[in-house]
Amino acid sequence: MTFVTAKFDLIDHDGRPVTEMSFQGRWLLVYFGFTHCRVVCPRSLTRLSNVLDALAPELARTLQPLYISVDPKRDTPAVMREYLSMRYPRFLGLTGTEEQVAEAKEGFKVFSRPKPDPHDPANYDVPHTAITYLIDPAGAYATHWPETRSADDIVADLQARLRSPT
């Protein structure tokens with residue numbers, strides 16, 4: 001999966017413009033999702049929060065967890081900030097225009113497509129790729145984990161990678 005380019009030009013949940021260069025020197029833990037997601041995103045963000053809790057503090061500090069929206073129509077910076085600060089405070093939410101989000105998705109090879117929500121006919125759902133990406137401090141793709149990877153497996157992988165020289 002070295003074809004991931006890990007480039008983005010978005011807005012963080014505090015309204016600041018950010019690119020992959022804004023985090024140079026830090027490892028990035030990147031997950032794409034949306035705040036109206038009922039099952040997959042909360043489960044993944046909880047698992048990743050548990051991963052961060054299980055890491056030694058000095059290793060956890062080298063990571064910047066990012067939650068990139070695949071639903072920029074509803075996920076404004078304020079919506080992202082409220083959602084993450086209440087539930088997943090270690091994550092920085094990123095969103096942007098539809099074009100900006102589409103470019104970020106393309107760089108990470110993420111699929112998403114809105115569809116009618118059978119549980120809420122006035123709304124829509126956004127099925128999407130459920131993969132967590134690890135980007136190294138130089139901004140290059142390092143690895144990824146599918147949703148099915150356990151927190152323990154991810155912790156072990158991160159401990160090995162973050163302790164070794166890059």
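Guide: One definition to start: Ala, Val, Leu, Ile, Met, Phe, Trp, Tyr, Cys and Pro count as nonpolar, Asp, Glu, Lys and Arg as charged, and the others, Gly among them, as polar. This is a predicted model, where local features need pLDDT of at least 70, side-chain atom pairs count only at pLDDT 80 or more, and totals for chains, interfaces and linings use all residues. Residues are numbered from 1 along each chain as its sequence is written, and side-chain values use heavy atoms, without hydrogens and water.

Visitor: How many nonpolar, polar and charged residues are in the lining of the largest pocket?

Guide: A pocket is an open set of points on a 1 Å grid over the protein atoms alone where a 1.4 Å probe fits, with protein on both sides within 12 Å along at least five of seven lines; lining residues have an atom within 4 Å of a point. Among the lining residues are Val 70, Asp 71, Ser 112 and Tyr 124. By class, the lining has seven nonpolar, one polar and four charged residues.

Visitor: Which helix gives the most to the lining of the largest pocket?

Guide: Helices are DSSP runs of H or I, at least four residues, numbered from the N terminus. With four lining residues, the one that gives the most is helix α4 (residues 98-108).

Visitor: How many disulfides does the structure hold?

Guide: A disulfide is a pair of cysteine sulfur atoms within 2.5 Å. The sulfur of Cys 37 has its closest cysteine sulfur in Cys 41, at 3.2 Å, which is too far for a bond. The number of disulfides is therefore zero.

Definitions and conventions
Helix = DSSP H or I, 4+ residues; strand = E, 2+ residues; numbered from the N terminus.
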